[in-house]
Amino acid sequence: MVKRLIAITTDLIVIVVISLGLLSYNAYAVLEDKVHDALIAIRDADSVGADTKYLVDRLNNILNLIKEVDDGSLKSCLSKDECITKAKSEIDALINESRILKETTTNKNLNTLTMNMLVYAPIAGFISSLVITLLYTNLKDYLKRRIIEMEVRRVEEDD
Amino acid sequence: MINSNTFLNIMWSRFFLLTLAVLITLSMSIAYVASVPREHERFISLSTLGSNMKVSDYYPTGRPDIGLNDNVRWYIQVYNNMGSTEYIAVRVKVLNAEQDAPDDNNHTPSPVEHVYEFKHFVAKGDTLTIPFEWSIVSVLSIGNEKVIREMIINGERVEVNAKAVDGKNFRMVFELYRYNPDSKEFEFSWLDSTNTKRSVWNQIWFNVK
């Protein structure tokens, strides 16, 4: 009876240990997927020309946090779970910020393009055309005047 | 001075309207073309620098002979000009002269297992500099061969199994791997902007005293 009880207790301990191991493994696998998602989000922001350097620095810090979980050094948090939760929430915040940065940059680019196309280009075109037309008109008038004011003289031909 | 009548005449002149139309179209085209991102050469470079962060001073004594517990400090630099943030891994391998180095023609890595690896994100157009400090802590002499058994790399104790006759011509190989988001794997080769396969690695030779 006692032997059986010990065997059941041992089995239970083994099951709990394996389950905990699997749980922590899954959590780490989730983190790797999240890192992948963060990279995709940053790349999306890159594609519209956003400056993502500070996001990349933050992602590297998260990577260090994950490394702490991996090698068990745990310098930034007290336990593996705390590290994983911290990394998860930081990645989520980073993905969110990347999306916001992408939207902001897209809007900024669109505004710049609209301003350039609809305001600066017509103004530059108008001023340039005015200057060119004024120069052309004045030059034309000057040449006209010169022709009108010309005197007809008889050229003495040398014998 | 131009009076208002002359100004109006100029404004409604055929020459002015034609010039205006041409110049506005031209300015708009320039503004649009300037806003379109240009295609550039895509590449990643990997360099190993000495203790002074230059391509010199690789060895503490000035000679490539490294003794037990000699502290060697190098810097690994990765420059990302791929046009987007890259997730890279640098794998360090210790080889002798006979073992296969990475193949530049087939773009395959050295078949030897790596002893150390670091992963990092590199922003577009950015250069990553990683200090690489190493020392040999255990060497075994078997006949005329010297076998490096253990090293400390960036404070991490790593097991090595590299042997060379008289401890001559060991090499530290650095292979650059790029994370491919499609396969979710780190890959040794990738396609550049001209669709040509590329891979990046370098090596530094040393002897064991």
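Which residue is the bridge partner of B:V92 in β9(B)? In this predicted model, local features require pLDDT of at least 70 and side-chain atom pairs count only at pLDDT 80 or more, whereas totals for chains, interfaces and linings use all residues. Residues are numbered from 1 along each chain as its sequence is written, and chains are lettered from A and ligands numbered from 1 in the order in which they are written.

The partner of B:V92 in β9(B) is B:F174. This bridge involves strand β4 (residues 86-96) of chain B, which pairs in the antiparallel sense with strand β9 (residues 170-180) over 9 bridges; pairing requires at least two DSSP bridges between two strands. β4(B) also pairs with strand β5 (residues 116-122) of chain B, again antiparallel, over 7 bridges, and B:I88 faces B:H120 of β5(B). Of the 11 residues of β4(B), 9 are buried, so the strand is largely enclosed by the rest of the structure. A residue is buried if 20 or more other C-beta atoms, placed from the backbone, lie within 10 Å of its own.

Chain B is divided into domain 1 (4-35) and domain 2 (43-208), with bounds from an automatic or database domain assignment. The C-alpha centres of these two domains lie 61 Å apart.

Chain A contains 3 helices and 0 strands, in the order α-α-α along the sequence; helices (H or I, at least four residues) and strands (E, at least two) are DSSP runs, numbered from the N terminus. Of its 159 residues, 17% are buried. Among contacts in chain A (C-beta atoms, placed from the backbone, within 7 Å) with a separation of 6 or more, 64% join residues 24 or more positions apart.

Terms used
A residue is buried if 20 or more other C-beta atoms lie within 10 Å of its own, exposed if 12 or fewer, and partly exposed in between; C-beta atoms are placed from the backbone. Two residues are in contact if their C-beta atoms, placed from the backbone, lie within 7 Å.
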